[in-house]
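User: I would like to go through the charged side-chain pairs of this protein one at a time, with the reasoning spelled out.

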Amino acid sequence: MSIFRQILLLVVLSSTIILILSIRSEQLLDEHDQSLQLNQILNDIRPLYLALIKGDVVRVKDGLAEKGYHIKLGGLIPLGAQILYFENSIFGEMVIWSRENEYGLLLNYLDDIILASLNTQQDFWDNYGIHLLLIAQLLIMLAFYIILYLILRPIKQLTRNIQHFESGDYDIRIPIRQNNELGTLADSFNHMATKISSLLRSKELLLRSAGHELRTPIAKGKLALEIMQDTKEKPILKACFDSLDHLTNHLLTFEYLQGVPLLKKEQFFAQTLVLEALLASFADEDSATLELEHDFTIVGDKEWLAVALKNLIDNALKYREENTLIIVCVQNDSICVRNKGKPLDGDFTLYTDPFVRGDSQQARGYGLGLSIVRTILELHHLTLGYHYENGYHCLRIEGFKREL
């Protein structure tokens, strides 16, 4: 949840709590006022009720008039009135009731019935003061949210630009000019982005130059070996040039993937990916077998995924036991490469770091293959799983998406 939604939720929650508390406070005040009014009326009419019992009706009416009561005709309490107090005796009764801003009483003794009411109309502030305060509080909360939103709005732009930067747009900058912490943060980001852009351009130039400067003498050396007469040193030289070529390709690939390469996503079948990887690898029909249990569609960059799977196949070929086949299996929305061999010397995650190899005598190469695989899979939001079972290593690519 974004910070703006959190603030809005906080404002709504605070306003709701204020509304509930205000309504409850108003109810408590009304109950308190009603209780005070009831006590006041009881104090007023008890002496008058005693006078009514003595039969002095005139004194009762005059006393009620002095206290502001209006004598009403008839002896029926109005419809919709709320009974606040009721006292009954053998020969009479005393009832106090209320309706809106009106309080009334009914005195009945033998055949004497007196119905009177007292208007307690309050002024505008007494009636609507709490409502006005509640509206003012809500408006203040709304104004607080608007002001806070305007203050923090640059965070949205900052977040959006950082996401663009993360996706590979290294030329983006944040045009925030404020004399506060946000302005300082934006300036720091802009300076950092400038330095990173410069470093990446230098790195790209270095890779291009190094690739050209390394591959050119390697290619010339390979060409010279082809026309060189067969000697016992020729295989050694050829192995050296092949090793240099292999290392150069791996280094350039690994360094390129450390940036944010653009992926050409497309949809294709897992079988197609496996066949391309097998054709590009050192595997042949005498060293590898394919088990296609359940084909499925994949969405991603087929070229880079083929590179990752090729490295897994070559790794399995390199570390398999002699005279055994590696198995490339397509099943359960995953691709698994299995080879028979001894258990690993350490935790598998160590082998996905660059320049890390096993301690066995079979360990050859430079420890970049699985690191390249991990980087490619992370770009596709895929995972590389590993388990060892029944003497077989199983490296499994999982998490494929089926839709574009």
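Analyst: A residue counts as buried when its relative accessible area is under 20%, and as exposed when that area is over 50%, with partly exposed in between. Please keep in mind that this is a predicted model.

User: Is arginine 396 buried or exposed?
Analyst: The side chain of arginine 396 meets that of glutamate 398 in a salt bridge, at 4.0 Å from N to O. Glutamate 398 has a relative accessibility of 33% and is therefore partly exposed. For arginine 396 the relative accessibility is 16%, which falls under the 20% cut-off, so arginine 396 is buried.

User: Which residue forms a salt bridge with lysine 302, and which helix holds that partner?
Analyst: Lysine 302, at the 18% relative accessible area that makes it buried, has glutamate 276 as its salt-bridge partner, with the closest N and O atoms 3.5 Å apart. Glutamate 276 is partly exposed at 34%. Because lysine 302 lies in helix α7 (residues 302-319), the pair ties together parts that are 26 residues apart in sequence, and glutamate 276 sits in helix α6.

User: How many residues apart are glutamate 87 and arginine 46?
Analyst: These two residues form a salt bridge in which the closest N and O atoms are 3.5 Å apart. The pair links distant parts of the chain, since glutamate 87 belongs to strand β2 (residues 82-88) and arginine 46 to helix α1 (residues 3-53), and the separation is 41 residues.

User: How many salt bridges does the count come to?
Analyst: The rule asks for a side-chain nitrogen of Lys or Arg within 4 Å of a carboxyl oxygen of Asp or Glu. By this rule, the count of salt bridges is seven.

Methods
Residues are numbered from 1 along each chain as its sequence is written. This is a predicted model: local features need pLDDT of at least 70, side-chain atom pairs count only at pLDDT 80 or more; totals for chains, interfaces and linings use all residues. Side-chain values use heavy atoms; hydrogens and water are left out. Helices (H or I, at least four residues) and strands (E, at least two) are DSSP runs, numbered from the N terminus. Buried means under 20% relative accessible area, exposed over 50%, partly exposed in between (1.4 Å probe, protein chains only).
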